[in-house]
Amino acid sequence: MSPEAAILLSLGIPLAGAALIALAGRRPNLREGVTLATAGLLFLTVITLLPGVMDGARPEATLIEMLPGLPLRFEVEPLGMMFALVASGLWIVNSIYSIGYMRANKEAHQTRFYVCFAIALASTMGIAFAGNMLTLFVFYEALTLSTYPLVIHKGDAAAKQGGRTYLGILLFTSIGLQLLAIIWTWQVAGTLDFTAGGILAGKASDLVVGVLLLLYIYGIGKAALMPFHRWLPAAMVAPTPVSALLHAVAVVKAGVFTVMKVVVYIFGIDLLAASGQNLWLMYLAAASIVIASLVALTKDNLKARLAYSTVSQLGYVVLGAALATSAGVIGGSMQIAMHAMGKITLFFCAGAIYTATRKTEVSQMAGLGRVMPFTFGAFLIGALSIIGLPPLGGSWSKWHLMLGAADADQLVLIAVLMISSLLNVAYLIPIVARGFFLPAAPADEPRPVSARAGAGAGAAAAPKGGLSGIREAPWFCVVPLCLTALGCLALFFFADPLYRLLEPIAPP
Amino acid sequence: MIAAHLPALQVVVPLVAAPLCLLLRRGGLAWALALAASWAAFAIAALLLQQVLSTGPISYQLGGWAPPWGIEYRIDVVNGFVLLIVAAIGAVVLPYARVSVAHELPEDQQATFYTALMLCLTGLLGVTITGDAFNLFVFLEISSLSSYVLIALGRDRRALTAAFQYLVMGTIGATFIVIGVGLLYMVTGTLNMLDLAERLPPMAESRTVLAAFAFLTVGTGLKLALFPLHFWLPNAYAYAPSVVTAFLAATATKVSIYMLLRFFFTVFGTADSLDLATLENLLIPLGVAAILVCSTVAIFQTDVKRMLAYSSVAQVGYMVLGIGFASTAGLTAAIVHLFNHAMTKGGLFLALGCMALRLGSVQIESLAGLGRRMPLTMFAFVLGGFSLIGVPLTAGFISKWVLVQAALERGNWLVVAVILVGSLLAAVYVWRVIEVAYFRPGARDDAGEGIAEAPLSMLIPTWILIGASIYFGIHTSLTLGVAERAARFLLGGGA
Amino acid sequence: MDALGLYNYWIVIVLMMTGFYVVVSRGNLVKKIVGLNIFQTSMFILYISMGKVAGGTAPILAEGFETYSNPLPHVLILTAIVVGVATTALGLALVVRINEAYGTVEEDEIQLQDQEA
């Protein structure tokens with residue numbers, strides 16, 4: 001398969017998948033089979049591109065000229081390669097998980113769910129492979145719109161409210177700020193192609209660079225930099241597979257990925273460092289990291305806590321970009337992959353806990369670890385990876401970020417990174433500890449929802465206050481979360497290929 | 001030698017069809033004739049535009065009288081493009097009309113309806129094609145009078161008052177235009193637009209010319225629903241029959257925009273006294289106000305048709321902004337938006353017509369659950385709504401892109417902000433409908449299969465327009481290319 | 001030439017403003033039509049006045065007459081009068097229909113009925 005074909009196929013496959021899923025809507029098994037097949041095919045297609053990109057090739061494909069001089073164009077470079085691999089790989093795992101979760105919870109509108117999911121993935125691929133800012137923007141908006149039905153999947157008042165916040169913030173920032181920045185860039189630079197070293201060098205004054213940076217950073221609402229982070233907790237009304245893949249991986253990572261792309265290929269890190277405009281961005285990112293972690297501490301709802309944790313972790317990527325040093329950029333980029341793996345594990349666990357016990361609050365989870373050992377074990381691994389302890393993948397990205405901060409002589413930021421890790425410990429570890437070590441609260445009436453065979457007997461036999469009615473979630477849920485937990489481990493030992501892949505974007 | 005007479009045929013074909021429709025009496029026959037006439041008009045318009053693009057402006061002397069004494073039909077890139085838009089909308093709307101009109105009007109009024117529709121088409125095409133200022137007024141009145149009739153045919157009795165209100169406002173507007181033309185004739189002794197353009201510069205300072213300019217601007221402003229002269233529009237659009245709303249929304253205001261372009265840039269374009277600053281100071285504030293005020297008002301409407309009517313006034317604001325910049329980029333934006341909005345709004349109103357056919361009402365509450373019951377219609381509405389917002393890959397995005405670029409070129413940050421805020425306001429009002437249609441269960445969900453998808457004869461035209469508004473959001477060389485040539489032509493750089 | 005020398009233009013202005021005022025201020029729909037007519041009439045006079053050449057006669061070729069009035073505006077205004085008549089007819093037809101539908105031709109009463117509905 002030629003690289004051009006692979007690029008176009010990686011957009012075409014999920015879209016074709018969406019159409020097939022819609023057609024197979026009345027037969028759930030076939031429909032989910034199609035979803036899995038699509039995800040698998042997509043991953044295989046994406047992976048065929050990898051060897052070439054590792055060897056320094058930059059395959060491209062041009063669709064059509066949308067505006068004079070501005071075609072819809074794709075070009076695969078290391079950053080996008082990594083993002084596409086992460087998103088498409090995790091989609092497979094997530095599809096398995098979705099099947100377990102959606103069936104066990106008897107969600108309605110499942111066809112719509114799988115269709116929108118496939119479209120969202122197609123948009124994500126478009127973002128990952130975009131060859132110019134216009135193409136990226138097109139798919140960025142497509143991602144917003146295709147995930148909206150997923151966010152308000154439940155259709156109740158809370159979901160609608162959440163959906164409004166989600167759409168409101170994302171559309172406001174993208175149309176109000178990002179589009180403006182893009183058109184302005186086009187006016188100033190005369191091109192929007194992602195070019196190594198940036199396109200603005202020598203064309204924009206320091207002030208213009210600063211204003212543009214501000215517009216981009218806040219215009220990319222998906223990066224959830226405070227204070228435009230509200231949409232992320234609001235999106236937690238969605239079913240957990242959505243939160244897991246989209247709001248821990250695809251959508252938010254599309255945001256920080258865009259930030260990274262803009263900094264590396266539109267501004268160029270040399271220009272940014274020379275203009276000095278990256279300073280305030282560093283502090284904004286640092287503030288976002290610390291404040292979001294503090295907010296996470298106060299949240300009792302597990303998904304809300306994870307959401308704020310995501311906001312904080314996304315700050316790392318923005319920080320990496322803002323450092324505008326080689327190690328910073330690479331650390332930030334690695335963080336995209338590392339955090340994706342860790343956070344999807346955590347969300348899978350949250351969904352598994354909800355499926356098995358209907359519990360959503362951290363304070364209700366005492367003692368659950370003993371009846372759901374796999375889930376809580378995986379949660380621990382994911383949490384440690386997020387915190388950044390070896391031997392888990394998350395430690396590498398923190399390591400490189402610290403190096404980057406040292407290169408930029410920003411000792412304060414090293415301190416921020418350390419404080420943040422401590423805060424991560426403070427809000428993630430108690431969940432696990434509570435699950436394993438605290439006794440179950442007796443007054444807490446569990447409502448087991450075992451939708452599986454023999455569930456009726458289990459529910460009837462559940463004595464008051466005990467945990468005996470609770471067991472692990474369906475295997476369709478548990479296997480994926482074990483897989484991603486193992487992924488966190490694997491990323492620690494196989495970080496070197498990732499580093500070699502990413503190195504060319506910001507050679508030291 | 002038919003080819004040489006295409007400009008005349010453009011107007012004559014629908015004009016002859018009109019009385020014939022009346023004579024046929026039967027609704028079905030009249031419809032068939034009107035359909036044939038509108039498709040013929042479309043074919044003629046396409047041929048004309050192609051001819052203009054390849055060989056330059058066409059001048060046609062009506063009855064062989066040489067201009068400036070006789071009436072000249074003059075087709076250049078600008079009005080060739082507008083002719084195509086008007087004729088295309090006519091050709092798409094007519095197949096749709098059969099079922100919709102049969103549903104909304106009694107049998108004995110249908111032949112009259114098609115007569116009026118053909119006259120309206122004649123008038124709009126005539127206004128666009130003519131190169132004579134007084135002839136323009138005559139055609140304008142033909143189109144206006146027939147559109148009053150069309151609006152009054154609406155089922156609701158409020159259609160009558162809406163039509164009356166429009167009649168009063170429209171007549172005042174037309175009279176203003178005639179006065180303006182008269183004053184120009186007084187100082188120049190000619191009615192031919194090109195002749196006017198030649199003779200005006202030496203007397204540009206004269207008070208008469210300035211008065212003429214003012215009269216023409218206000219008169220045209222009334223016709224194109226320029227904020228704050230738009231009060232006739234929401235009612236007229238809301239109570240007219242669905243077909244009429246779609247047709248007028250997509251063509252009438254667009255032709256008025258064209259008149260504005262013609263007067264400002266062809267007739268007065270050469271006069272120095274009316275420099276760019278005048279336009280900028282006059283039109284830009286009005287455009288800004290239109291976008292902000294009418295988009296906000298649209299958010300609070302409960303009748304979706306009315307909501308879209310207010311949105312039309314706001315969208316006119318975008319075009320006026322583009323004209324106000326009086327730069328190549330600005331005019332390109334105005335002309336391209338004229339086209340894009342005609343497609344989008346036409347498609348949206350057609351989709352609403354499908355809903356009206358099945359539901360009998362387009363109140364926002366009655367749309368609940370429609371995403372399930374009329375998936376194709378509703379999805380067309382969603383795509384059209386995206387184009388109104390300016391989501392990428394829709395025509396609306398292209399318009400906004402070009403317009404923002406024009407504003408940036410002028411360094412007018414306020415306008416840039418307003419354009420973007422306008423998009424967000426559009427998102428709010430479009431989303432209200434989407435939320436109800438898709439995420440609120442229908443009240444009649446269990447009351448049987450009362451509501452089905454609209455018939456194909458209505459769905460296909462709807463999707464043609466919506467499809468066009470998507471297609472021209474992805475493939476823009478035709479629209480942007482022609483619009484830019486037209487803009488250069490208007491600014492005197494030649495085609 | 002003093003101000004009164006152009007008296008027909010003053011008449012144009014007076015008629016125009018009178019008509020306009022009637023359209024705006026009267027709530028009776030028939031009176032609105034009347035106002036509209038007066039308004040349009042002012043425009044007719046404007047055109048007729050500008051076609052008149054001092055000392056000129058009707059533009060008919062005949063012995064002994066050298067100066068003619070400009071016939072073009074007069075012809076134009078014939079068209080405009082026809083348009084005006086059509087507008088009036090249509091407007092009055094609408095008023096009749098409104099009267100049938102609402103039982104009144106007063107704007108405020110119509111509005112009242114619409115609000116109640």
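Mentor: Let us begin with a definition: helix axes are lines fitted to C-alpha atoms over the stretch in contact, and angles run from 0 to 180 degrees between N-to-C directions. The model before us is predicted, so local features need pLDDT of at least 70 and side-chain atom pairs count only at pLDDT 80 or more, while totals for chains, interfaces and linings use all residues. Residues are numbered from 1 along each chain as its sequence is written, and chains are lettered from A and ligands numbered from 1 in the order in which they are written.

Trainee: At what angle do the axes of α2(C) and α3(C) cross?

Mentor: Helices (H or I, at least four residues) and strands (E, at least two) are DSSP runs, numbered from the N terminus. The axes of α2(C) and α3(C) cross at roughly 180° and come within 10 Å. Angles under 35 degrees count as roughly parallel, over 145 as roughly antiparallel, 65 to 115 as roughly perpendicular and the rest as oblique. The two helices α2(C) and α3(C) are therefore roughly antiparallel.

Trainee: Which classes of residue make up the contact of α2(C) with α3(C)?

Mentor: Ala, Val, Leu, Ile, Met, Phe, Trp, Tyr, Cys and Pro count as nonpolar, Asp, Glu, Lys and Arg as charged, and the others, Gly among them, as polar. The contact of α2(C) with α3(C) has 18 nonpolar, seven polar and no charged residues.

Trainee: Where in chain A is confidence lowest, and where is it highest?

Mentor: The score pLDDT is the predictor's confidence in each residue, from 0 to 100. In chain A, helix α18 (residues 455-461) is lowest, at a mean of 40, and helix α5 (residues 133-151) is highest, at 90. Residues 443-465 of chain A have a pLDDT below 50, and this stretch has 29 contacts in the model beyond near neighbours in sequence. The average for chain A is 84, and the mean for chain C is 85.

Trainee: Which peptide bonds and phi values deserve attention in chain A?

Mentor: Most residues other than glycine have a negative phi, and most peptide bonds are trans. The bond from A:Met226 to A:Pro227 is cis, with omega near 5°, and A:Pro227 lies in the loop between α7 (206-219) and α8 (231-234) of chain A. The bond from A:Pro390 to A:Pro391 is also cis, with omega near 5°. A:Ala224 has a positive phi, near 55°, and A:Asp409 has a positive phi of about 60°.

Trainee: Is A:Ala224 buried or exposed, and is A:Asp409 buried or exposed?

Mentor: A residue is buried if 20 or more other C-beta atoms, placed from the backbone, lie within 10 Å of its own, exposed if 12 or fewer, and partly exposed in between. A:Ala224 is buried, with 32 such atoms, whereas A:Asp409 is exposed, with 9.

Technical notes
Contact = placed C-beta atoms within 7 Å.
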